[in-house]
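Subject: Structure for you to look over

Hi,

Here is the structure I promised to hand over. My notes on it follow below.

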Amino acid sequence: PVPATLPSPSPSPSSELELVWFVGDLSYATGYASKWDKHMTALEAVAKHVPVMVGKGNHEQDHPTPPPNPDSPATVKVGNDAGGECGVAADLRYRMPYPEPEPAAW
């Protein structure tokens, strides 16, 4: 769901709004693509006028089982709030400006 803090009605290009920043718990989709679709449709009226940046919360990032590799990044949290999404659904829908990864050393 789109938080109540977003402006209503949709902002115009001359609006004071410069950025929308979601800090975790984006869609509460818990593994259901249809919930992501509803979230993205609701956000579209705002996102077509201003940049949207996100930070993933437990409802996007966690997984019910621990990572098999003990060297896995600390961003993978054990839990069942994300319905097993492991951050993939959020990463593919919201392309954030991350530093380019180091090339693999194989």
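Along the sequence the pattern is β-α-β-α-α. That comes to three helices and two strands. Helices here are DSSP runs of H or I with at least four residues, strands are E runs of at least two, and both are numbered from the N terminus.

Some ground rules. This is a predicted model, so local features need pLDDT of at least 70 and side-chain atom pairs count only at pLDDT 80 or more, while totals for chains, interfaces and linings use all residues. Residues are numbered from 1 along each chain as its sequence is written, and side-chain values use heavy atoms, with hydrogens and water left out.

The chain overall. Of its 106 residues, 26% are buried. Buried means under 20% relative accessible area, exposed over 50%, and partly exposed in between, with a 1.4 Å probe and protein chains only. The chain exposes about 7400 Å², and carbon and sulfur atoms supply 58% of that. Areas come from the Shrake-Rupley method with a 1.4 Å probe; for residues, only the protein chains shown count as cover. Take the contacts between residues at least 6 apart in sequence: 66% of them join residues at least 24 apart. A contact is heavy atoms within 4.5 Å.

An α-helix has 3.6 residues a turn, so residues three or four places apart point the same way.

The core. The largest nonpolar core has 14 residues. Such a core is a set of buried Ala, Val, Leu, Ile, Met, Phe, Trp, Tyr and Cys residues joined through side-chain atoms within 4.5 Å. V20, F22, L26, W36, V52, V54 and Y94 touch the most other members. β1, α1, β2 and α3 each supply at least two residues of this core. α1 gives the most, with three.

Leaving out residues up to four places away in sequence, W36 touches L26, S27, A29, E60, E85, A89, A90, R93 and Y94. V20 sits in strand β1. It counts as buried because its relative accessibility is 6%.

On the surface, L19, W21, V23 and M53 form a nonpolar patch with about 450 Å² of accessible area together. Patch members have over 30% relative accessible area and no salt bridge; like charges are joined within 9 Å, nonpolar side chains (Val, Leu, Ile, Met, Phe, Trp, Tyr) within 5 Å. L19 lies in the segment before β1. At 40% relative accessibility, it is partly exposed.

How many salt bridges are there? One. The rule is a side-chain nitrogen of Lys or Arg within 4 Å of a carboxyl oxygen of Asp or Glu. K56 pairs with D91, the closest N and O atoms being 2.8 Å apart. The pair links distant parts of the chain, 35 residues apart: K56 is in the loop between β2 and α2, D91 in helix α3. K56 is partly exposed at 32%, and D91 is partly exposed at 28%.

Best wishes
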